[in-house]
Amino acid sequence: MRAARLTAWRQPLRIEDLPDPACPPDGVVLEVLACGICRSDWHAWTGADPDVSLPHVPGHEFCGVVLEAGPEVTRWRAGDRVIAPFILACGRCPDCQAGNQTICATQAVPGFTCDGAFAERIAVVRADANLTALPEGMDPALAAALGCRVTTAWHALTGRAGLRPGEWLGIWGAGGIGLAALMLGRAMGARVAVADVVAEKLEMARALGAEAVIDARGDDPAGAMRAATGGGAHVALEALGFAVTAENALKSLRKLGRMVQVGMPAGDHARIELPWDALYSGQLAVYGTRGMPAHRYPALLEFIAATGLDLSPIIARRVALSDVSAELALFDAAAPPGVAVITDFTR
């Protein structure tokens, strides 16, 4: 199979012919239909993620067609089109049984702890506990985005911060996560403000329905967010994993507000100082989140169908496997608006 392989930090991925993956007894082998290119992949590319060792095939936002199912698999067979979350939980431990698969102690994470989907095929363990059927007619490129950006935003808003209709949602960072949160938040009946430092991203956020956009290059972006939301956001979503955006998110809240940390703090940003006086005086709550439990896929898909929400505008570029290195390098600066998805694995 063709795969884009990381062999040295910050160097172009090598397009190689690798052996097809073996089918796990409890898993499947998928022909990859689409795979997103995410900031988390950039963390792996730079060497900032301690789970990644070289050589390695990145890629964690994917969907595909089942080519082979292991003998222990009961729910899936060859020809099924499926989506996979990027956290593959065991489904049996106490945390999984309580519905908290994202904290499973033995989780497998394609693209990080094992080879991912920057490849024509991928082995997916624990298929019965994790896979979800690809909805009929859904664009594979969009389904791939559901594997991380949309699902992570959905769980952050509904499973962690508890966003309610009529509340102000303040989003810090208008990348893939931020845009997904914007569209989901609006569909949930929230009012949305978005902050970023890139004018084109703010323009895209406004086009997608943000009531207010804040240029975070100003002197007091948190104050600008509080002013735009009539006293502060009820929920602030940090979507980058940077110290400055985490601090601004916390300071942009109204009293009794909730902040949810979605951006991945890694490398130089693994340790972040926060204004705890703001948390104390505002009686704020701070939530961490990572991914979405597989069992929540049906609720998300039902919500998308019931609201008629069209998430396709977040897809800005459909690229080939050989384009991955250039896309990853864009995250070193301000990547262009929208997300890139690999849809061509032949070149």
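This is a predicted model: local features need pLDDT of at least 70, side-chain atom pairs count only at pLDDT 80 or more; totals for chains, interfaces and linings use all residues.
User: Within what arc do the buried residues of helix 10 fall, seen down its axis?

Analyst: The buried residues of helix 10 are Y297, L300, L301, F303 and I304. They line one face of the helix, because seen down the axis they fall within an arc of 155 degrees.

User: Which exposed residues does the face of helix 10 turned away from its buried side carry?

Analyst: The buried side of helix 10 is covered by elements including strand 5 (81-83), strand 7 (132-133), helix 4 (140-160) and helix 5 (176-187). The face turned away from that side carries the exposed residues E302, A305 and A306.

User: How many residues apart in sequence are the parts tied together by the W154 and F303 pair?

Analyst: A search of the whole structure finds one aromatic pair. W154 lies in helix 4 and F303 in helix 10, so the parts tied together are separated in sequence by 149 residues.

User: Are W154 and F303 buried or exposed?

Analyst: The cut-off for buried is under 20% relative accessible area. W154 has 7% relative accessibility, and F303 has a relative accessible area of 16%. Both values are under the cut-off, so W154 and F303 count as buried.

User: Which strands stand at the edges of the open sheet of six strands?

Analyst: The sheet has the order 10-9-8-11-12-13, with parallel pairing. Two strands have a single partner strand each, so one side of each is left without a neighbour in the sheet. These edge strands are strand 10 (212-215) and strand 13 (285-288).

User: What angle does the direction of helix 7 make with that of strand 8?

Analyst: The sheet's twist averages 20 degrees from one strand to the next. Helix 5 packs on the sheet, touching strand 8 (168-172), strand 9 (191-196) and strand 11 (233-238), and its direction makes about 170 degrees with that of strand 8. Helix 7 (residues 221-228) also packs on the sheet, touching strand 8, strand 9, strand 10 and strand 12. Its direction makes an angle with that of strand 8 of about 155 degrees.

User: Which residue in strand 15 is the bridge partner of R317?

Analyst: Strand 15 (residues 339-344) pairs with strand 3 (residues 28-37) in the antiparallel sense over three bridges, and with strand 14 (residues 315-320) in the parallel sense over five bridges. In strand 15, I37 stands opposite A340. The bridge partner of R317 in strand 15 is likewise A340.

User: How far apart in space are V52 and T113, C-alpha to C-alpha?

Analyst: V52 lies in the loop between helix 1 (39-46) and strand 4 (61-69), and V52 is buried, with a relative accessible area of 6%. Not counting residues up to four places away in sequence, V52 touches W9, A44, G111 and F112. V52 and T113 are 61 residues apart in sequence, while their C-alpha to C-alpha distance is 6.2 Å.

Key. Residues are numbered from 1 along each chain as its sequence is written. Side-chain values use heavy atoms; hydrogens and water are left out. Buried means under 20% relative accessible area, exposed over 50%, partly exposed in between (1.4 Å probe, protein chains only). Helices (H or I, at least four residues) and strands (E, at least two) are DSSP runs, numbered from the N terminus. The arc is that of the directions from the helix axis to the C-beta atoms. Contact means heavy atoms within 4.5 Å. Rings of Phe, Tyr and Trp (its six-membered ring) pair if their centres lie within 6.5 Å; planes under 30 degrees apart count as stacked, over 60 as edge-to-face and the rest as tilted. Two strands pair if DSSP finds at least two bridges between them. Axes are lines fitted to C-alpha atoms, for helices over the stretch in contact, and angles run from 0 to 180 degrees between N-to-C directions.
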